[in-house]
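User: I'm new to reading backbone features. Could you walk me through a few of them?

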Amino acid sequence: MMRGVGTLVLSLFLVEGCARESRNFRLDPPIAASLDAVAPMPNRIGGAAPETDTVLGQPYLTNAYNLNQGKQLYTWFNCQGCHADGGGATGPAFLSGWWRYGPQAVSVFISIRDGRPEGMPAFGNRLTTEQIWQLTGYVRTIGAYSAQTAAPSRNDAMQSRPSENRAPATVATPSDEWPTAPSR
Amino acid sequence: MLLAPRLRIRRGVSPNLDQVKHVGTLAPAVLLGLCLQSSAVLATSAGPNADEPKSPAMSVDPATRSSSLAQIDRHNVNQLEPVFTFRTGRLGAQGSAPLIRGDKLLVLSAFPHTLFAIGLARSNGTLSWQFSPTANRVADGLHCCDRTHLGPVAVGDRIYFSTLDGHVVAVDAEHDTPVWDVAVADPGQGETLASAPTAAAAELIVGNAGDDYGARGWIAALDRATGRTLWKHYSTGPDQDVGISADFKPAGPRDQGSHSWPGTAWQHGGGSVSGWISYDPRLQLVFHDTGPPAPWNPDPRPGDNRWTSGVFARDARTGEARWFVGLHPHALFPWRNGSANLLLDHTWEGAPRALLVHPDADGRLYVIDRQTGKILAADSYISYPRVARRASAEQTPRTNVQVRDVCPAWPGALGGDAALDQTTGRLYLPVSRLCMDLEGRSANYLQGTAFIGANVRVTSSNESDGAVVAWDVISRRAVWSIRERFPVASDVLVTAGGLVFYGTLDGRLKAVDAQSGTPLWQFGTSAPITGQPTTFVGPDGRQYVAVVAGASGPYGLAQQAWIDRRDATAARGLARVIANVGRPRDPSGTLYVFGLP
């Protein structure tokens, strides 16, 4: 009898374990529209995130699937070409946690959607609103100040830097002295 | 006769003069040298020579980067001291060489550009006038990773310069008034301009940069009077676009520029003309490199990828191609354009011959017959001790496959442009000895974004990552070489005074004996030297040496403040290798002018 109850409880757990996170492969158009309606400050730095994002529980920051999608988009849309794996090249670094337009999700979202004057192209006509949010979420994990509960999967490619969730942002590296004595 | 005022340091007069504090960065050895040599000075420096021509039109021959000036020589160079400095206030230097014109020194700042005219005679280094064309800041994000040489060029009563954001501007030499300003390259397509225009017969010849953004390479001639485009030819595509007609030798199959590419890949296949374009007035030919094909990963572009990664000779009047030397068909590695092609008329194997000396980014020096395009010699001017094998067929980068220890690294074996001494046939090469690990990735062409398809990590081959090599072109051997700790990213200048000038990434302008390579003088600047040292005769008849210090090009990018070195691929993989240099004390481009006391 007891064994029967135990089996029943265990199998209930197993059945529950089979239930997977439900995934929307296409956002409902009204939700997508409201996620696109960010309210930046007049200088386009910072501002209020869409309420929908809060109501949904910030899915682009806390959901590993979305972060992974963001990581894929990061490669597919040539982000690496200018920002490398977060260390920067012609574009600024993300790893350092120093953001030219502030660390807020709204700023990052606007940078991707509308571009920025010093060379950042606009991706608004190349990505859907959801994809821009996924990319926003991923980019923010690269330079996160504190560990997040969700992380994208590891690099398939060349391991070039600490994993996204293991590199809390710090200030500059120590070997930055400009030499005063002649070399040799 | 001697009343012409000399350039002197005026202390604390002009806001543009911050000379005094830089004297403190003089290497102690140099100061010691100054003291020890002071007696010898009296014997050698006889003061300005009355017979010296006043401000010769060309102080440094742009075709060879050599100068016939000899007032500063190996005996008195150790007395060279700063006369004045001028801070441009722009990040970096972008390879601008200052240009003497009358009693003014013209300096083009880094982007967004300002052309400064600095008075020399009585005004002593104060700003005479300045001119800033409107700038499209999108180009800021596009100046990776070609070396840039955006200096002013003077012809007649006009000054011409190219801007990073794709304009060519003509300015009246006496005033700050623009004569014309035409847009020739579109930053929206990833195109920029990386070199100063070359003045040919009645034209200005310009070429685009932007291999890394999938821009299609082209070269164009502008009418000097109006800026109108006279001809324009591409590096890829059908014969008509490339300018291949009956004059092209040897004749080959038609339309190789598009047939050696899959589908329409040639439309964004790179092959830029970002280096210095050489002009031979006798043969009426221009010579130029074509950049590597895009993307870096060779997998998605099977075929020879004509006409990228090679050297073209074109008719200066029509732009029609005469010959092409394909140095790297289906380029496996994204080596940049080599150094500028240098013209040398010299006896070769017993007969006088018109030679084109092409130091390539692959580490070899090609000597080419200027008239026919025949390769006469190809010698390695650089060795990589730690890595026994060079780039080879086994090291073919493919999608999702990593190849290691490819030498040279992607910026190529040359950090800057070489200088050629016409009289001795000796070439002075600024060398980078870095290697790289490269992993091919799939790449999508998106207009205006980087089209690379590679993860790259640059590695240091040993403790000496750079060198300056003196190479005898005729006898095909190295004469001497100086090891440098960092890649030498500046251009080299050779003068008739028997001196070779170059700069280092840790901010030293150095002068060495051209004969023996013995170091003779150095000066510590506040920023890396990645540009072109130059020399000129001032209005007082005395010779000066000038350089704009400031980070530019691939190595300069790796030193910028926004680069995070925890990422091995930052700054296209260069960040960690350059990390030991340190960040510049002053990131602004600064002009330094040196003279004898």
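Analyst: Here we go through some backbone features of chain B. This is a predicted model, where local features need pLDDT of at least 70, side-chain atom pairs count only at pLDDT 80 or more, and totals for chains, interfaces and linings use all residues. Residues are numbered from 1 along each chain as its sequence is written, while chains are lettered from A and ligands numbered from 1 in the order in which they are written.

User: Which residues does a cis peptide bond join, with omega about -10 degrees?

Analyst: First, the terms: helices (H or I, at least four residues) and strands (E, at least two) are DSSP runs, numbered from the N terminus. That bond joins B:Lys249 and B:Pro250. You'll find B:Pro250 in the loop between helix H3 (239–242) and helix H4 (256–259). Another cis bond runs from B:Ala294 to B:Pro295, with omega near -5 degrees. B:Pro295 sits in the loop between strand E18 (285–290) and strand E19 (310–315).

User: Where is B:Glu349, and is B:Glu349 buried or exposed?

Analyst: A residue is buried if 20 or more other C-beta atoms lie within 10 Å of its own, exposed if 12 or fewer, and partly exposed in between; C-beta atoms are placed from the backbone. B:Glu349 is in the loop between strand E21 (342–348) and strand E22 (351–359). B:Glu349 is exposed because 8 other C-beta atoms lie within 10 Å. Its phi is positive, about 50 degrees, although B:Glu349 is not a glycine.

User: What about the phi of B:Arg572?

Analyst: B:Arg572, also not a glycine, has a positive phi near 55 degrees. B:Arg572 belongs to helix H6 (residues 570–573), and B:Arg572 counts as buried because it has 29 C-beta neighbours inside 10 Å.
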